[in-house]
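Open the model in a viewer and keep the sequence panel in view.

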Amino acid sequence: MVIKEIRPQMKITSTLSMLCCAIAGLAAEIPAIVYSLDPATPENFRLARELGFNTAHSYSLGRPERLDHDLAYLKRAREQGLNVMYNLNGKYWTADDKTPEQFRAHVRQLKDQPAISLWYLYDEPAIGKIPQLRKLYRVLKDETPDIPVAIAMNWTEDFTAYSGVYDIILPDVYPVTDQPFPAAPLYGLLDMSRDLLALGKPVFPVAQLFNWRVLKEQVPARGADPDKCRFPNAAELRYWLYGSAVQGCDGVGFWSFYRCLEKNRAEGLAWLKDTFAPVLREYLAWRGNGFVRRMELKRFHDSRLLGMVCRTADAEYLVLVNDWPLAQDVRNRWLEEQIGEAVLTPFGTTRKLPAEVSGGRLKIDGAVEPWETLVWKVERNNK
């Protein structure tokens, strides 16, 4: 079952048919969410859109006494072509002196705002908050059944306990500190996403959009040197984006715009424009309006390789992601009867190494580099 469009600018695709009742069908743009889009200046909203984002978030939203501020934020985002994942400030609404009916009154003042495409109920809630969150979730489903409810989550062994308080889960892992490439443990985000996808609800992984140097007081606890911390590079960004798509994730998020520019705006802007934006734009161009067909190549996963054959409205693609910080030899790999014979053309910034599909096997002349993502356009030879 597919319900009606959430908002004119964005719909969301369900990863599994059992959740189609919670979210809508294919979109003009898959959700590409930027956290903490602050300060809320026209310049910053325009910059976010230019970088490729289509959905904004701000931690400053969600307090009833600041309703005028929130409405102004929503209006400004809409004027710049952005939807909003509206921060409901669940910590405020789960306090002992707040009631679900007070929360309902707040939601009613906002629910018809066209910029709101997602409710962001809580940022990394503790497990003890689940009873209160269930009450707030029921209010949202009652008042706005067509607007999905999202929460963020860092890793916890109790992740299954949260399934009744969200429609979409946003796992967040930020592993790039001072490690030289390819030593950062990038796989944590995709491993966590895979576990959450098994629960049957959509997962939008939240990747790193900052240099840990801005949080230098927290870095020593991670065993890193604040002065040597760095931004993620293009290979790491491509790994997160394409790897999550192979797993079945239909949206992405990045934390955070404010932290990226907080200490050194010039440095952050240069990284956003020169490194980050080309990767996000390439990825969104590849995704297009979503997948008409998607086949995960499960045998690849035995060796920490992620593989997928997918078709968009315009083309067919073969995707191979090295899910490991070591080079891997992939000279002759069965494609599980998905493609027999084909010519492979590198897409975007994919490295141009000799590759073909022959006899139902992917044949690559050379190793796949650490964390490398290879995306080819497939031209089948059916003779």
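Two strands count as paired if DSSP finds at least two bridges between them. Helices (H or I, at least four residues) and strands (E, at least two) are DSSP runs numbered from the N terminus. The model is predicted, so local features need pLDDT of at least 70 and side-chain atom pairs count only at pLDDT 80 or more, while totals for chains, interfaces and linings use all residues. Residues are numbered from 1 along each chain as its sequence is written, and side-chain values use heavy atoms, with hydrogens and water left out.

**Stop 1: the antiparallel sheet**

Select residues 342-346, which are strand E14. E14 pairs with E15 in the antiparallel sense over two bridges, and with E18, also antiparallel, over five bridges. Now pick Val-343: its bridge partner in E15 is Glu-356, and its bridge partner in E18 is Glu-379. Move on to Glu-356, which also stands opposite Lys-363 in E16. E15 (residues 355-358) and E16 (residues 361-364) run antiparallel and are joined by four bridges.

Axes here are lines fitted to C-alpha atoms, for helices over the stretch in contact, and angles run from 0 to 180 degrees between N-to-C directions.

**Stop 2: the parallel sheet**

Select E1 (residues 32-34) and E8 (residues 252-255), which run parallel and are joined by three bridges. Val-34 stands opposite Phe-254 in E8. The open sheet around them has eight strands in the order E6-E5-E4-E3-E2-E1-E8-E7, paired in parallel. E6 (168-171) and E7 (206-208) are its edge strands, each with a single partner, so one side of each is left without a neighbour in the sheet. Helix H6 (residues 187-197) packs on this sheet, touching E5 (149-153), E6 and E7, and its direction makes about 160 degrees with that of E6.

**Stop 3: the core**

Which residues have the most contacts inside the largest nonpolar core? Select Phe-53, Trp-119 and Trp-286; the core has 91 residues. A nonpolar core is a set of buried (under 20% relative accessible area) Ala, Val, Leu, Ile, Met, Phe, Trp, Tyr and Cys residues joined through side-chain atoms within 4.5 Å. Helix H9 (residues 265-287) gives the most to this core, with 10 residues. Ala-285 also lies in H9, but is exposed (over 50%) at a relative accessible area of 56%. Its C-alpha atom is 9.4 Å from that of Glu-29, 256 residues away along the chain.

**Stop 4: a cavity**

A cavity is a set of points on a 1 Å grid over the protein atoms alone where a 1.4 Å probe fits but cannot get out; lining residues have an atom within 4 Å of a point. The largest cavity holds about 40 Å³ of space. Select its lining, which includes Leu-189, Trp-240 and Phe-254. H7 and E8 are the elements that give two or more residues to this lining.

Methods. Buried means under 20% relative accessible area, exposed over 50%, partly exposed in between (1.4 Å probe, protein chains only). Contact means heavy atoms within 4.5 Å. On a 1 Å grid over the protein atoms alone, a cavity is a set of points where a 1.4 Å probe fits but cannot get out, and a pocket is an open set with protein on both sides within 12 Å along at least five of seven lines; lining residues have an atom within 4 Å of a point. Grid points are joined across faces, edges and corners, and a volume is the space filled by probe spheres set on the points.
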